[in-house]
Amino acid sequence: MRDARSRELEERLDDVRARIERASQRAGRSAADLTLIVVTKTWPAEDVRRLASLGVTDVGENRHQEAQPKREANADLTLTWHFIGQLQSNKARAVVGYADVIHSVDRLRLVAALGRAAAEAGRVPTCLIQVDLDPAADAADAGKVVGHSGARGGARPGEVPELADAVASSPHLQLGGVMGVAPLGGDARQAFDRLAAVSERLRRDHPAAVVISAGMSGDLEQAVAAGATHLRVGTAILGSRPPLG
Ligand SMILES: *Cc1c(COP(=O)(O)O)cnc(C)c1O
């Protein structure tokens, strides 16, 4: 498919790849060590196909109703599918059916549901522990804030070891590492440094759990500087998302 949309995607993809290259050079890292996940949520299945023909290997989705048919429409392509949205335990079975990597594991109940669903499906998805990077989450760990709600999803840093052990001891789940979203209006670099510290602590117990999924269209440079291994970029490549509906 070499239509006008393909050319538009190619141009924006080239821009993002150049940003990653520059950020890597500044950080003394190799861009080859970074995985770009193109977040295709709200965009049609044909865009996934166009992106694959432009060399994209990893795509991200956040709503299972949308991801499942898109995956089916592109079943002939070799792509790694990432589920990056908040996940209810009762959707575990559906998501395990198509997701290769699940970025939003943040509760023991969800680990149990994913473990059961993966065993039944005969699949072994990689799980990332989503960490709440709001500084209030650290305060909640220290007992300073009561009722911190974690509205954007994510476990408190202090909850990560227990969650990681639960994932690692589940025979059908692979512990991959951590994921985080910088808090709105906050300092992205500081947030990603906090995530890197959680990752370092995690790797003491689980040396293979090296993934750090951080950085989106607006803050991928800060994520690269802080040591991210996976970037989740939507808008900068696909354009502003059309309204859901
Ligand atoms: C939508 C989304 C992204 C991509 O955000 P952009 O700003 O469009 O690049 C990354 N991560 C998560 C968790 C998302 O929901």
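Guide: In strand β2, Asp58 is the bridge partner of Ile37, and 3 bridges join the parallel strands β1 and β2 (residues 58-61); two strands count as paired if DSSP finds at least two bridges between them. From β1 the chain crosses through helix α2 (residues 45-53) to β2 in a right-handed β-α-β crossover, right-handed meaning that, with the strands pointing away from the viewer, the path from the first strand over the helix to the second runs clockwise. Helices (H or I, at least four residues) and strands (E, at least two) are DSSP runs, numbered from the N terminus. This is a predicted model, in which local features need pLDDT of at least 70 and side-chain atom pairs count only at pLDDT 80 or more, while totals for chains, interfaces and linings use all residues. Residues are numbered from 1 along each chain as its sequence is written, and side-chain values use heavy atoms, with hydrogens and water left out.

β1 also pairs with strand β8 (residues 230-233), in the parallel sense and over 4 bridges, and there Leu36 stands opposite Leu231. Because 4 of the 5 residues of β1 (residues 35-39) are buried, the strand is largely enclosed by the rest of the structure; buried means under 20% relative accessible area, with a 1.4 Å probe and protein chains only. Leaving aside neighbours within four places in sequence, Ile237 is in contact (heavy atoms within 4.5 Å) with residues including Leu36, Val38 and Leu51.

Technical notes: Buried means under 20% relative accessible area, exposed over 50%, partly exposed in between (1.4 Å probe, protein chains only).
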